[in-house]
Amino acid sequence: MTDAPWTEQDRRFMARALGLARRARHRCRPNPMVGAVVVRDGRVLGEGWHRRAGQPHAEPAALAACVEDPRGATMYVTLEPCAPREGKRTPACAPALIEAGIARVVAATLDPHPGVQGRGFAALRAAGVAVEVGLLEHEARKLNDAFAWHVATGRAFTTLKLAMTLDGRIADGRGRSHWITSDPARRVVHTLRSQMDAILVGRATAELDDPSLTVRLSGYRGPQPLRLVLARRGLARPDLRLFTQDPQRTHVFVDPQADWSAPPGVQVHRVGTEPAAVLEALVPLGVQRLLVEGGGRVAGSFLDAGQVQRVWLFYAPRLLVASDARPSVAGASRPLEKALRLQRVSTRRLGPDWLVEGFVADPTERWTHAPP
């Protein structure tokens, strides 16, 4: 990473590029979110972001929007401009910047994709373009955590969401959980769902709660996630909303020997319910971001298997104080010294509730620094 003496103006324009990148949320998957701003003498000449997969990347979009010739200008971009590589649907960005005469590129971070990683910066430098890397790097990497994890591992980036009382219970003794948390917390959950390619629950949650597992936000017109159910022997209720509403988006994971026939349109995966097998089965489905919504045994199985990267824990100011209430996580026994320690922890107040967010495995470890 370049240790450049960035100015407040540099920071302001990179923050603007990050804001542009966020506009593509829900829209550009499976590609990363990227924003770019072209500046000369403190004036914005043009700006753009990668709107959808298959459409122009942020850099050519910003060049096309320029109100005057960008020759000699600076481009602020949230991710390394890509170099030519086989299989790309869109033209490479580094050659476009060189042809446009961009004199300086300030990038937040390199591209974690092994087909790009450092090659875009190398092409720019070879053409005489000044390249500085690392401005607002943490913010840029967090924006594309899931993308970085997916290209490095081939597996979905998994977030575990739990809504619980202060004594760690997700339902009472009869399995009732509607509603532990408040409206503000549930709206945030739907925002989280809108960022996902798939939502996963266990058999008990599917049959007791009869969830729809959809994004229900006012004005939301993005894609609805796939709905995944872990049910070793199948499900006993054919009237579930998962089966009667858009059944083609429902996937059920059962044991190889399970004697169960799915309702019409539902996809069945006879690979068992172990997290590693489930994640492997999701690869051909293109699932990059997975949300695990429970219950306790499903949460425990994913944590025990080391297959959770991030957690969103919603706490309501309630105490069930009941020995038969359902625990938030029911995993294997482990001593205190082997407790999972969260990284990059943050908290947020949501009406009467609290959200604790943290990472079990830090996705930034999947990135490497570009050469200076």
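Glutamate 132 and arginine 104 form a salt bridge in which the closest N and O atoms are 3.0 Å apart. The two partners come from distant parts of the chain, 28 residues apart: glutamate 132 belongs to strand 5 (residues 130–133) and arginine 104 to strand 4 (residues 104–107). The model is a predicted one, and it holds 18 salt bridges.

**Salt bridges**

- Glutamate 132 counts as buried because its relative accessibility is 18%, and buried means under 20%.
- Arginine 16 pairs with glutamate 47 in a salt bridge whose closest N and O atoms lie 2.5 Å apart.
- This pair also joins distant parts of the chain, with arginine 16 in helix 1 (residues 8–22) and glutamate 47 in strand 2 (residues 43–49), 31 residues apart.
- Arginine 16 is partly exposed, at 34% relative accessibility, and glutamate 47 is partly exposed as well, at 25%.
- A salt bridge of 2.9 Å, N to O, joins the side chains of glutamate 137 and arginine 141.
- Both glutamate 137 and arginine 141 are in helix 5 (residues 137–143), with a spacing of four residues, or about one turn of the helix.
- In an α-helix there are 3.6 residues a turn, so residues three or four places apart point the same way.
- Glutamate 137 counts as buried at 13% relative accessibility, and arginine 141 counts as buried at 6%.

**Contact between helix 3 and helix 4**

- The packing of two helices is described by the angle between their axes and the distance between the axes.
- For helix 3 (residues 93–100) and helix 4 (residues 119–126), the axes come within 9 Å and cross at roughly 20 degrees.
- Helix 3 is therefore roughly parallel to helix 4, as angles under 35 degrees are classed in that way.
- The crossing of helix 3 past helix 4 is right-handed.
- Helix 3 contributes Ala94, Leu97 and Ile98 to the contact, and helix 4 contributes Gly120, Ala123 and Leu124.
- Of the residues in this contact, five are nonpolar, one is polar and none is charged.

**Surroundings of alanine 94**

- Alanine 94 is located in helix 3 and counts as buried, with a relative accessibility of 0%.
- Apart from its neighbours within four places in sequence, alanine 94 is in contact with Pro81, Cys82, Gly120, Ala123 and Leu124.
- Between the C-alpha atoms of alanine 94 and leucine 313 the separation is 41 Å, and these two residues are 219 residues apart along the chain.

**Surroundings of leucine 242**

- Leucine 242 is a residue of helix 9 and is buried, with a relative accessible area of 1%.
- When its neighbours within four places in sequence are left aside, the contacts of leucine 242 are Ala206, Pro211, Ser212, Leu213, Arg227, Val229, Pro247 and Thr250.
- Leucine 242 and threonine 214 are separated by 28 residues in sequence and by 9.8 Å in space, C-alpha to C-alpha.

**Positive phi values**

- Aspartate 246, a residue other than glycine, has a positive phi near 50 degrees.
- Aspartate 246 lies in the loop between helix 9 (241–244) and strand 10 (250–253), and it is partly exposed, with a relative accessible area of 40%.
- Arginine 344 likewise is not a glycine, yet its phi is positive, at about 50 degrees.
- Arginine 344 is placed in strand 15 (residues 343–350) and is partly exposed, with a relative accessible area of 23%.

**Buried residues of helix 11**

- In helix 11 (residues 296–304), the buried residues are Gly296, Val298, Ala299, Gly300, Phe302 and Leu303.

Definitions and conventions
Residues are numbered from 1 along each chain as its sequence is written. This is a predicted model: local features need pLDDT of at least 70, side-chain atom pairs count only at pLDDT 80 or more; totals for chains, interfaces and linings use all residues. Side-chain values use heavy atoms; hydrogens and water are left out. A salt bridge is a side-chain nitrogen of Lys or Arg within 4 Å of a carboxyl oxygen of Asp or Glu. Helices (H or I, at least four residues) and strands (E, at least two) are DSSP runs, numbered from the N terminus. Buried means under 20% relative accessible area, exposed over 50%, partly exposed in between (1.4 Å probe, protein chains only). Axes are lines fitted to C-alpha atoms, for helices over the stretch in contact, and angles run from 0 to 180 degrees between N-to-C directions. Angles under 35 degrees count as roughly parallel, over 145 as roughly antiparallel, 65 to 115 as roughly perpendicular and the rest as oblique. A crossing is left-handed if the near helix is turned anticlockwise from the far one by less than a right angle, and right-handed if clockwise. Contact means heavy atoms within 4.5 Å. Ala, Val, Leu, Ile, Met, Phe, Trp, Tyr, Cys and Pro count as nonpolar, Asp, Glu, Lys and Arg as charged, and the others, Gly among them, as polar.
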